[in-house]
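The exercises below are meant to be worked through with the sequence and the model side by side. Try each task before reading the solution that follows.

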Amino acid sequence: TSNEFSGLKVDIDKADSGYMVGEVEALFDGISSQEDVEKEKGKIRKFVDLITREGESDAETATIGKLEFVLMKEFPDLYNACIKAGVINESN
C-alpha cells in the first residue's frame, strides 16, 4: 500500500566515478523507543527488498554509507587504514 513506506526518506546520488549510491532513512520526531527503531528498520529492509532485484542485494546484510562506499571504490588504501584505526567498521 502507499502508506506502507510512509516516513522513509530516499536519497540517491551519482558520484563523479559514475556510481550511483542510494540510502534509505527513517526519520523520527523526538525520542523513540527501541521497538519503534526496530519497526522502522524492518520497513527499510522490506523497501530495499522491494526495489532491488533478487540476488542483487541482501537487505539483511549490514549496509554502508555513501562515504564508506566512495572510500572502498576510489581510495581502498585509505578505507583499509580507517578500518585498521577503528574509525569505521569493516563491512561484510
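How many helices and how many strands does the chain have? The chain has 3 helices and 2 strands, where helices (H or I, at least four residues) and strands (E, at least two) are DSSP runs numbered from the N terminus. Read from the N terminus on, these elements follow the order β-β-α-α-α.

Before going on, note that this is a predicted model, in which local features need pLDDT of at least 70 and side-chain atom pairs count only at pLDDT 80 or more, while totals for chains, interfaces and linings use all residues. Residues are numbered from 1 along each chain as its sequence is written, and side-chain values use heavy atoms, with hydrogens and water left out.

**Exercise 1. Judge the confidence of the model.**

Start with the chain as a whole: the average pLDDT, which is the predictor's confidence in each residue from 0 to 100, is 79, and 83% of the residues score at least 70. Then turn to the elements, among which strand β2 (residues 20-26) has the lowest mean pLDDT, 82, whereas helix α3 (residues 76-85) has the highest, 93.

**Exercise 2. Describe what is covered and what is open in the chain.**

First consider burial, for which a residue is called buried under 20% relative accessible area, exposed over 50%, and partly exposed in between (1.4 Å probe, protein chains only). By this rule, 18% of the 92 residues count as buried.

Next consider the accessible surface, computed by the Shrake-Rupley method with a 1.4 Å probe, with only the protein chains shown counting as cover for residues. The total for the chain is about 7300 Å², and carbon and sulfur atoms account for 51% of it.

Finally, look for a nonpolar patch on the surface: V10, I12 and M20 form one, with about 310 Å² of accessible area together. Patches are made of residues with over 30% relative accessible area and no salt bridge, like charges being joined within 9 Å and nonpolar side chains (Val, Leu, Ile, Met, Phe, Trp, Tyr) within 5 Å.

**Exercise 3. Locate the salt bridges and compare the burial of their partners.**

As background, side chains of opposite charge can pair when their charged atoms come close. A salt bridge is a side-chain nitrogen of Lys or Arg within 4 Å of a carboxyl oxygen of Asp or Glu, and by this rule the count is 2.

In one of them, E38 pairs with K41, with the closest N and O atoms 3.6 Å apart. These two residues are separated by about one helical turn, because they are 3 residues apart in helix α1. E38 is partly exposed, with a relative accessible area of 37%, and K41 also counts as partly exposed, at 38%.

In the other, E40 pairs with K43, and the closest N and O atoms are 3.4 Å apart. Here both E40 and K43 are buried, the relative accessible area of E40 being 11%. Leaving aside neighbours within four places in sequence, E40 is in contact with L8, A26 and F28.

**Exercise 4. Trace pairs of residues that are apart in sequence.**

Begin with G65, which is 44 residues from V21 in sequence and 8.7 Å from V21 in space, C-alpha to C-alpha. Continue with I64 and I88, which are 24 residues apart along the chain and whose C-alpha atoms are separated by 9.9 Å.

Terms used
Contact means heavy atoms within 4.5 Å.
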